[in-house]
Amino acid sequence: MGNSTKFLELVKERSMSKKVEDEGKEKQVSSYLDKDCITSILMKLPLESLPSSRFVCKAWYDIINSLPFINNRLEQSESVLIYVKPIPMGSSHHYSSPTSTSSNRGNKFSVEGKVLQSQTLNMFAYQMANRSSKFSINFVECREGKGVTGDYGIECLGSIRAACNGFILLDNRLKKGGVLVMNPVTRKLLALPVGTLTRPEWESYGFSLTGGRYKVVHLFMDDMKYIACETLNLGSRSWKPVNGPPSGRLPRFGFSPVSAIGALHWLPTLSSDNNFTVSMDLETEKFHLVPLPKICGTHDRILEMGSLLGFITHEDLHIDVWKLKSVVGQGDDAVWTKHHKITRGSLIDMVPLFCLRIKGDVIFKRHEGGSVYSYDFESETMTMVEMDEMDEEFRFYANLLPHVNSLGSWTAATQNLM
């Protein structure tokens with residue numbers, strides 16, 4: 001008995017000695033630079049290296065996980081285009097990219113595999129995860145006239161439905177009608193309750209931050225062709241039904257709406273006879289029909305431009321850029337302002353994809369051939385973006401969503417992480 005007690009005491013002493021030694025090393029590393037200097041250095045590191053850099057020492061962990069650091073990093077992050085790319089059956093996916101650190105290359109992550117580890121699912125779901133066609137989640141960043149393709153090292157079975165503030169809304173193919181919220185940089189997941197079931201081609205998801213909360217909007221059509229709507233805050237565990245848009249006003253199902261000026265906006269159609277948007281105010285959860293400044297053409301689009309809603313429309317020899325400041329309370333009196341006229345380098349089949357959140361350039365993709373262009377408002381020049389990799393999915397895939405890479409997480413009240 002005495003020998004056992006002495007042995008335990010010896011283990012405790014060695015453990016304490018190791019702890020003191022580690023703390024001393026950490027203080028020694030941190031003593032060379034003050035916290036502000038370390039924060040400035042970490043702020044300049046590539047974003048994809050920060051999740052692993054947190055574990056260098058406790059000081060780094062506290063800085064990188066702090067809300068001010070995450071918010072400042074988000075403000076400095078430029079918009080990208082996020083999309084999924086099919087993984088050929090039977091091939092191995094190595095997930096390398098020009099923007100990945102060497103430590104992350106080959107470190108692939110399966111969305112469905114993570115869900116299977118954390119939930120009790122039936123054998124059918126397990127077999128589906130192993131036999132279904134898989135996709136990799138990719139992104140393209142446009143900088144200095146070049147398009148850089150990146151790969152998060154993530155494979156999944158479903159499509160990306162919407163994106164907001166560094167998070168994406170992803171199909172949960174292990175549950176019929178289910179969706180997941182995910183940060184592709186940190187690889188954190190949150191499974192949402194299943195809402196009203198309908199056909200995938202008869203529904204559209206919106207995702208936005210309003211009133212300090214992340215809200216998911218599910219717009220869908222039932223078998224009777226009635227359009228209904230339900231919403232869910234990430235802090236809740238149930239969907240709430242709300243009144244849908246006016247009867248007969250069909251949005252573009254299968255495409256994500258644009259989030260801007262406190263509302264979600266759908267273009268009902270891309271035909272040449274549409275002259276309004278179907279918009280939902282996120283605070284009141286009421287729908288409005290917002291008239292456009294002109295009839296929408298096949299290659300015209302709405303998009304977020306800074307803090308405003310933009311509408312980019314083609315004329316015979318130029319492209320007009322309109323902006324709207326507010327939706328609520330204006331109705332038919334909504335005032336659009338013509339912001340700019342693009343006269344140089346414009347082509348009739350240029351489809352606007354998104355607006356860079358920092359630089360402000362509008363990124364276009366030609367309908368014919370899929371080449372990418374960037375328009376600089378300051379120099380008034382249209383430049384072809386030199387792509388480092390132009391795969392078929394990016395060239396012709398329809399659902400390219402604006403996204404921003406971030407270290408952010410949902411609030412502590414909603415952190416039901418897997």
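A: Start with a network: Arg161, Asp171, Arg173 and Glu203 are linked by salt bridges. A salt bridge here is a side-chain nitrogen of Lys or Arg within 4 Å of a carboxyl oxygen of Asp or Glu. The model is predicted, so local features need pLDDT of at least 70 and side-chain atom pairs count only at pLDDT 80 or more, while totals for chains, interfaces and linings use all residues. Residues are numbered from 1 along each chain as its sequence is written, and side-chain values use heavy atoms, with hydrogens and water left out.

Q: How many salt bridges does the structure hold?

A: Side chains of opposite charge can pair when their charged atoms come close. The structure holds 13 salt bridges.

Q: Which parts of the chain does the pair Arg161 and Glu203 link?

A: In this salt bridge the closest N and O atoms of Arg161 and Glu203 are 3.2 Å apart. The pair links distant parts of the chain, with Arg161 in strand E5 (residues 160-164) and Glu203 in strand E9 (residues 203-210), 42 residues apart. Strands (E, at least two residues) and helices (H or I, at least four) are DSSP runs, numbered from the N terminus.

Q: Are Arg161 and Glu203 buried or exposed?

A: Buried means under 20% relative accessible area, exposed over 50%, and partly exposed in between (1.4 Å probe, protein chains only). Arg161 is buried at 16%, and Glu203 is buried at 7%.

Q: What separates Lys58 and Asp62 in helix H4?

A: Lys58 and Asp62 are 4 residues apart in helix H4 (residues 58-65), which means about one helical turn. They form a salt bridge whose closest N and O atoms are 3.0 Å apart. Lys58 is exposed, with a relative accessible area of 51%, whereas Asp62 is partly exposed at 39%.

Q: At what angle do the axes of H2 and H5 cross?

A: Axes are lines fitted to C-alpha atoms, for helices over the stretch in contact, and angles run from 0 to 180 degrees between N-to-C directions. Helix H2 (residues 35-43) and helix H5 (residues 67-76) have axes that come within 11 Å and cross at roughly 40°. That makes H2 oblique to H5; angles under 35 degrees count as roughly parallel, over 145 as roughly antiparallel, 65 to 115 as roughly perpendicular and the rest as oblique.

Q: Which residues of H2 and H5 meet?

A: Contact means heavy atoms within 4.5 Å. Thr39, Leu42 and Met43 in H2 meet Phe69, Asn72, Arg73 and Gln76 in H5.
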